[in-house]
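Please look over the model below before reading the points.

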Amino acid sequence: MTDRTLTALQPPGWPPPRGYSNGMVGRGRVVLVGGQIGWDSEGRFPAGFVAQARQALANILLVLAEAGGGPEHIGRLTWYVVDIAEYRASLAELGPAYRAVMGRNFPAMALVQVVALVEKEARLEIEATAILPD
């Protein structure tokens, strides 16, 4: 491994993933970030899926910073969306918004459509697993 905490795993012959990794390996302190939604510190939601995704990712980084971590330490993100069609329709805008917060860090990811989230205004919730250097 390099000086990075995590290394992407790519089975031979598989097509390269776009915007995520198939798997990650690392060694260090594990940080589990509970599901974050797209509201700000005062409980306000921005309008739209992409704005909420950007805020949810920023919220993840705020929690991770409490452990001394950053986006480069995130090994996995799990996205829960209330409308998969809304997610798909937002992809062109979502990529730049993601990179604005996360940089060019593309952990292993899963995306699941759910019936609802606890907060009625929330369009998505994202949880993270990170590995920080010892």
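1. Some terms come first. Ala, Val, Leu, Ile, Met, Phe, Trp, Tyr, Cys and Pro count as nonpolar, Asp, Glu, Lys and Arg as charged, and the others, Gly among them, as polar. By this scheme, the lining of the largest pocket holds ten nonpolar, two polar and two charged residues.

2. The model is predicted: local features need pLDDT of at least 70, side-chain atom pairs count only at pLDDT 80 or more, and totals for chains, interfaces and linings use all residues. Residues are numbered from 1 along each chain as its sequence is written, and side-chain values use heavy atoms, without hydrogens and water.

3. The largest pocket holds about 400 Å³ of space. Among its 14 lining residues, R18, G19, Y20, Y87 and L91 are the closest to its centre. (A pocket is an open set of points on a 1 Å grid over the protein atoms alone, where a 1.4 Å probe fits, with protein on both sides within 12 Å along at least five of seven lines; lining residues have an atom within 4 Å of a point. The volume is the space filled by probe spheres set on the points.)

4. Which element supplies the largest share of this lining? It is α3, with five residues. Both α3 (91-102) and β5 (108-113) supply at least two. (Helices, H or I, have at least four residues and strands, E, at least two, as DSSP runs numbered from the N terminus.)

5. The largest nonpolar core has 24 residues, of which L57, I60, I74, L77, W79, M102 and I126 touch the most other members. Its largest share, eight residues, comes from α1. (Such a core is a set of buried Ala, Val, Leu, Ile, Met, Phe, Trp, Tyr and Cys residues joined through side-chain atoms within 4.5 Å; buried means under 20% relative accessible area with a 1.4 Å probe, protein chains only.)

Notes:
Buried means under 20% relative accessible area, exposed over 50%, partly exposed in between (1.4 Å probe, protein chains only).
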